[in-house]
Amino acid sequence: AEALRGAAAAGGGGRAMRGAAGAGGEVLDLRYFVRRAKVLRQYRQLLCAARATERARGDGVGRDAAAQVRSEFRKYQAGVDRHMVAVLLRDGERQLDALRSLGGVQVPGSWKGSRDEDGADERGRVGNEWPWQRT
């Protein structure tokens, strides 16, 4: 929950931002926009994981998690310093992992566990070594 706050803080909500200047008239640097993109990506991932948890479990846990994600992001939408954003983003990653494991959600695009019954790779990968290491 705490990590969710940082994401909203770095993102700033997007409403007060006009061009490259913040609400206070200060010029925003590239790092601001990179942090904002990370925050928005984490927000979307958390909501996606909450929906997937709700579909998998069906007991309201995912719905409660999504409500908590939204409320925490709104709580810190006005902004916090960049160090706090970094801490909250790290906490958010841990919470995202916990939420995914709670609902048994697999990470989309994950290469882990992608073997067929006969041991063949279902994604078509061939071999387990680098081509230049072959003798």
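User: I'm looking at helices H2 and H4. In which hand does H2 pass H4?

Analyst: H2 makes a left-handed crossing as it passes H4. Keep in mind that this is a predicted model.

User: How do I describe the way two helices pack?

Analyst: In general, you describe two packed helices by the angle between their axes and the distance between those axes. Here, the axes of H2 (residues 30-57) and H4 (residues 82-102) come within 10 Å and cross at roughly 20°. Angles under 35 degrees count as roughly parallel, so H2 and H4 are roughly parallel to each other.

User: Which residues of H2 and H4 meet?

Analyst: On the H2 side they include Val39, Gln42, Leu46 and Ala49, and on the H4 side Val85, Leu89, Gly92 and Leu96 are among them. Take valine 39, which sits in helix H2. The C-alpha atoms of valine 39 and leucine 89 are 7.2 Å from each other, though the two residues are 50 residues apart along the chain.

User: Is valine 39 buried or exposed?

Analyst: Valine 39 counts as buried because its relative accessibility is 1%, and the cut-off for buried is under 20%.

User: How do I read the sides of a helix, say H3?

Analyst: An α-helix has 3.6 residues a turn, so residues three or four places apart point the same way. H3 covers residues 61-75, and its buried residues are Gly62, Ala65, Ala66, Val69, Glu72 and Phe73. These lie on the same side of H3 because they cover an arc of only 135° around the axis. Arg63, Asp64, Arg74 and Lys75 are exposed on the other side of H3.

Note on methods
Residues numbered from 1 in each chain as written. Predicted model: local features only at pLDDT ≥ 70, side-chain atom pairs only at ≥ 80, totals over all residues. Heavy atoms only, no water. Helix = DSSP H or I, 4+ residues; strand = E, 2+ residues; numbered from the N terminus. Expected span 1.5 Å × (residues − 1). Buried < 20%, exposed > 50% of the residue type's maximum accessible area, 1.4 Å probe, protein only. Arc of directions from axis to C-beta. Axes fitted to C-alpha atoms, helices over the stretch in contact; angles between N-to-C directions. Parallel < 35°, antiparallel > 145°, perpendicular 65-115°, else oblique. Left-handed = near helix turned anticlockwise from the far one by under 90°. Contact = heavy atoms within 4.5 Å.
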